[in-house]
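Here's a quick tour of a protein model for someone meeting it for the first time.

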Amino acid sequence: MLIGIALGAEESEETMTTTARMLEGYRVLDFSQYVAGPVCTRILAEMGAEVIKIEMAPHGDRVRTAGLKSRKPEHAGSSHSTYYLQHDHSKLSLALDMKKHEAKELVKALISKVDVIVENFAPGVMKRMGFSYEQVKKINPKIIMASVSMAGQTGPLSHKPGYDYIGQAYAGITDGIGDPDRPPAVATMAIGDVSTGVATAMAIGFALIHRERTGEGQHLDASLLDTYFHMHELNVPIVALRGNAYKPTRNGALHPTGAPVGVYHYRGDQYVFVNVVPHQWPQLLRAMEMPELATDPRFKTERDRNTNKVALKGIIEAWLAKFPTRDDAIAALDKERVPCAPVLTLNEAIAHPHHNARKTVRWIDDPIIGRVAIPGMPVKFSAWPDKTDLRSARLGEDNEKVLGGILGLSGEQIAHLYADNVLVRDKTLEESA
């Protein structure tokens, strides 16, 4: 058997070596909230790891109060929400009052039985709780601990609290979004949070491989700022060489260095994204049936087209507007294999047949919320299918399973923990108990 696989109480070594796939057999203790950390641990859970989410009394992860909730009277007061469902499905919920000594002792007992810890508190919080990497590796020397923060665990900014947009601003990303004659714009989704979660899950996978080979655990330091800065695809070395002689600027609907690349208006509130790299310029001219543009001095070279991108935009938009529908315009471009796409609203994207066929949009039936869509995994595995029979725990729903099944506590001991308010759980669970 591979070194470092933690077996569950009811699992045998023989079973694990013959049936375990992907991350089955690994156990994760999840201290994270909101998005970046939960995305990481949700990916690990989807790959088969047993993820125990530590939720703080009295309300658990703060996203439980966000998104939509069930409107059924029998679910009134439930902690279940669409926000929590999306980012925390497939995990076990253990809800504790971490201000109590008994809760910390339970966590210490769990640390000895897990492979990975993930947390996304501000730097220093885990140490004050008694669970820094230096503290937990004394309990479990082979532990892999991933700490996710805005700016990292070291450096002059490490003390600052922050969220996705703060890291984005520090990384020089926000300044590049929007129109050139207006202030920078705000992205409308958590690009940095989600990407940091994905990157951290990747790093944990690498660290597990390292541990299998060496027996050594380690501390992973992930930050939103680092993730965002890693997204610069072109400009960093140019600025490094040219200094303030080169300053990337906002370019609105058009790409700053390529043409024709950008958002082009079709009609009304509909747009088409065209992404023509230099060698595909003849394909666009064939699609538009405008061979004369090949010799137009404004557009003869890549540099010419970039210099005159606004004039080229007008020509392309006038051509697009001639089609009866946007789909007809897309079809004309597709015929010549011109890279293009309709700029879909989220509503249109959720309904798109391609996204549904691939489970990019994944429809699940939640017993509380009902039939609902959430994003699928960004990578498809031939040996591990995207699951649609997903479970999302109510607050503290798995207290008994974790404490009884993993730590071996008796029903009487668990009852005492409830009586002493060490454990908490969803109101609707209390009513049905």
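Let's start at Lys300, which counts as exposed at 53% relative accessibility; exposed means over 50% relative accessible area, buried means under 20%, and partly exposed is in between (1.4 Å probe, protein chains only). Before going further, know that this is a predicted model, where local features need pLDDT of at least 70, side-chain atom pairs count only at pLDDT 80 or more, and totals for chains, interfaces and linings use all residues. Residues are numbered from 1 along each chain as its sequence is written, and side-chain values use heavy atoms, with hydrogens and water left out.

**Around Lys300**

- You'll find Lys300 in the loop between α11 and α12; helices (H or I, at least four residues) and strands (E, at least two) are DSSP runs, numbered from the N terminus.
- Setting aside neighbours within four places in sequence, Lys300 is in contact with Ala294, Thr295 and Arg305, where contact means heavy atoms within 4.5 Å.
- Trp281 is 19 residues away from Lys300 along the chain, and their C-alpha atoms are separated by 9.8 Å.

**The whole protein**

- The protein has 19 helices and eleven strands.
- Its C-alpha trace spans about 85 × 50 × 45 Å along the principal axes.
- Out of 433 residues, 44% count as buried.
- Take the contacts between residues at least 6 apart in sequence: 66% of them join residues at least 24 apart.
- The accessible surface comes to about 22500 Å², and 56% of that belongs to carbon and sulfur atoms; the areas come from the Shrake-Rupley method with a 1.4 Å probe, and for residues only the protein chains shown count as cover.
- There are 50 positive and 52 negative side chains, and the centres of the two sets lie 4 Å apart.
- For that count, Lys and Arg are positive and Asp and Glu negative, while His and the chain ends are not counted; the place of a charge is NZ of Lys, CZ of Arg, CG of Asp or CD of Glu.

**Two helices to look at**

- Helix α2 (residues 36-46) is largely enclosed by the rest of the structure, because eleven of its eleven residues are buried.
- The buried residues of α2 include Arg42 and Glu46, along with Val39, Ile43 and Leu44.
- Just after α2 comes Gly48, with a positive phi of about 110 degrees.
- In helix α4 (residues 101-111), the buried residues are Ala103, Leu106, Val107, Leu110 and Ile111.
- These α4 residues sit on the same side of the helix, because they cover an arc of only 145 degrees around the axis; the arc is that of the directions from the helix axis to the C-beta atoms.

- Thr174 is in the loop between α7 (164-170) and α8 (191-214), and at 17% relative accessibility it counts as buried.
- The side chains of Thr174 and Gln168 are joined by a polar contact of 2.8 Å.
- A polar contact is a pair of N or O atoms within 3.5 Å; within protein, one must be able to donate a hydrogen and the other to accept it, and residues adjacent in sequence count only if both atoms are side-chain atoms.
- Leaving out neighbours within four places in sequence, Thr174 is in contact with Tyr165, Gln168, Ala169, Pro184 and Ala185.
- Phe229 belongs to helix α9 (residues 224-229) and is partly exposed, with a relative accessible area of 42%.
- With neighbours within four places in sequence left aside, Phe229 is in contact with Ala171 and Val236.
- Phe229 and Asn275 are 46 residues apart in sequence and 23 Å apart in space, C-alpha to C-alpha.

**Backbone details**

- The peptide bond from Ala57 to Pro58 is cis, with omega near 5 degrees, and Pro58 has its place in the loop between β2 (50-56) and α3 (82-88).
- Another cis peptide bond runs from Ala259 to Pro260, with omega near 0 degrees; Pro260 lies in the loop between α10 (235-242) and β7 (261-267).
- Glu289 isn't a glycine, yet its phi is positive, near 55 degrees.
- Glu289 sits in the loop between α11 (281-288) and α12 (302-307), and counts as exposed at 69% relative accessibility.
- Arg337, also a residue other than glycine, has a positive phi near 55 degrees.
- Arg337 lies in the loop between α14 (326-335) and β9 (340-342) and is exposed, with a relative accessible area of 69%.
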